[in-house]
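The points below can be read alongside the sequence and the model.

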Amino acid sequence: MTEDPELYGRPLAEARRRVGAPAQLARIDEYEVMQGPGRGSRRTVLTSGGGLTVELLPDRALDIGAASYRGVPIAWHSPTGFTAPGLTSDAGTDWLRGFGGGLLATCGLDAYGPPSTDAGVDYPMHGRIGAVPAVVTRAQVTDAELVVEAEVRQAAVHGEHLVLHRRVSVPLGGAAIVVEDRVTNASDASTGHMVLYHANLGWPLLDDGAVLEIPSSSVSPRDADAERGLARWFEITGPVPGAAEQVFKHDFRGAGTAEVSLDNAARDLRVAVRFDAETLPALHQWKMLGEGQYVLGLEPTNVDWSRGRAAAREAGVLPELAPGESVAYRIEFHCGPSRQGASAETGGAA
């Protein structure tokens with residue numbers, strides 16, 4: 001966090017001398033959606049005082065919806081919009097009818113990927129946590145940051161009981177979003193635990209000539225469509241009619257704190273995603289450069305797997321949490337000016 005925050009070029013104390021209320025510069029606003037598929041759902045908007053505006057979705061696990069930096073939108077929005085929970089079921093692939101995109105959509109907590117049946121239990125596409133409403137326990141502007149904290153509980157009778165404690169913070173006067181999660185197995189039995197942080201970048205940040213950097217140790221294709229584009233995994237073009245999605249898997253094991261980024265010199269804008277590779281050792285890159293479906297997903301995950309829960313168990317790679325066990329995750333989004341130069345001209349190939 002910024003030790004001595006500034007707001008519009010002035011130290012905090014000086015900035016306060018120039019306004020009637022601090023909320024003129026930085027604030028947290030809470031409201032309820034009145035129309036459309038999001039009707040009745042909560043929104044929490046953080047205005048940092050540093051050019052960053054972030055919309056949190058308390059009724060969707062405190063995920064991140066719209067986000068903009070200095071007036072430029074950075075997150076992709078899907079055609080569904082940010083729907084209210086319960087509008088669609090959690091069966092099969094119905095996740096696609098409630099996936100609004102946004103800067104962060106959490107997938108898990110016991111499965112992600114395609115739907116599957118494991119030990120007689122059905123696991124829908126990308127899990128259930130992203131449609132569970134959060135209990136917000138704190139929303140506060142301090143002298144250092146804007147912070148929202150919440151608890152999200154994914155549970156079933158005779159089933160899993162996983163508790164997500166989430167803290168989202170933005171430095172006062174800053175241009176970063178920090179998401180700190182702790183997932184705890186509150187049941188009396190070991191539980192499979194898969195999580196993927198589905199971060200979605202869109203136009204005008206994503207555009208012709210933007211430079212993608214993913215300094216992984218290796219990259220592999222998910223399927224035949226990705227295999228055909230493997231040599232150009234880092235290439236960003238304009239929208240392509242009829243484009244098929246391509247997913248590439250990047251290995252970050254042993255990388256410490258990893259950073260990937262999308263840099264658009266024409267917009268003088270760079271967005272970096274940082275994550276702890278100790279607990280999130282892989283990143284899935286979702287490249288979907290179609291017309292209307294024009295999005296780049298940068299998705300840190302706790303297990304490098306894309307075939308669903310049942311196949312993960314069969315392959316012996318399904319992570320487990322013992323009763324009472326917790327694991328912590330951290331993912332950060334940093335916005336700033338373009339840094340394109342000699343190092344970016346390689347296209348960021350691993």
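1. A residue is called buried at under 20% relative accessible area, exposed at over 50% and partly exposed in between, using a 1.4 Å probe and protein chains only. By that rule Phe99, at 7% relative accessibility, counts as buried. Trp76 is buried as well, with a relative accessible area of 7%.

2. The model is predicted: local features need pLDDT of at least 70, side-chain atom pairs count only at pLDDT 80 or more, and totals for chains, interfaces and linings use all residues. Residues are numbered from 1 along each chain as its sequence is written, and side-chain values use heavy atoms, without hydrogens and water.

3. Aromatic rings of Phe, Tyr and Trp (its six-membered ring) pair if their centres lie within 6.5 Å; planes under 30 degrees apart are stacked, over 60 edge-to-face, and the rest tilted. Seven such pairs turn up in the whole structure. In one of them, the centres of Trp76 and Phe99 are 6.0 Å apart with planes at 55°, so the pair is tilted. Both residues belong to the loop between strands E7 and E8, so the pair ties together parts 23 residues apart in sequence.

4. Trp76 also pairs with Trp286: the centres are 5.9 Å apart and the planes at 80°, so this pair is edge-to-face. Because Trp286 lies in strand E22 (residues 282–289), the pair ties together parts that are 210 residues apart in sequence. Ring pairs link Trp76, Trp95, Phe99 and Trp286 into a cluster.

5. Strands here are DSSP runs (E, at least two residues), numbered from the N terminus, and two strands pair if DSSP finds at least two bridges between them. Six strands form an open sheet in the order E8-E16-E23-E22-E19-E18, with antiparallel pairing. Its edge strands are E8 (105–107) and E18 (218–221), each pairing on one side only. Four bridges join E18 to the antiparallel strand E19 (residues 246–251). Ser220 stands opposite Lys249 in E19.

6. A nonpolar core is a set of buried Ala, Val, Leu, Ile, Met, Phe, Trp, Tyr and Cys residues joined through side-chain atoms within 4.5 Å. The largest one has 72 residues, of which Ile64, Leu103, Ile177, Leu262, Leu298 and Phe333 touch the most other members. Strand E25 (residues 326–336) supplies its largest share, five residues. A second, separate core of 17 residues includes Ala105, Tyr112, Leu196 and Ala312.

7. How many disulfides (cysteine sulfur atoms within 2.5 Å) does the structure hold? A search of the whole structure finds zero. Cys107 is buried at 0% relative accessibility, and Cys335 is buried at 11%.

Terms used
Disulfide = S-S within 2.5 Å.
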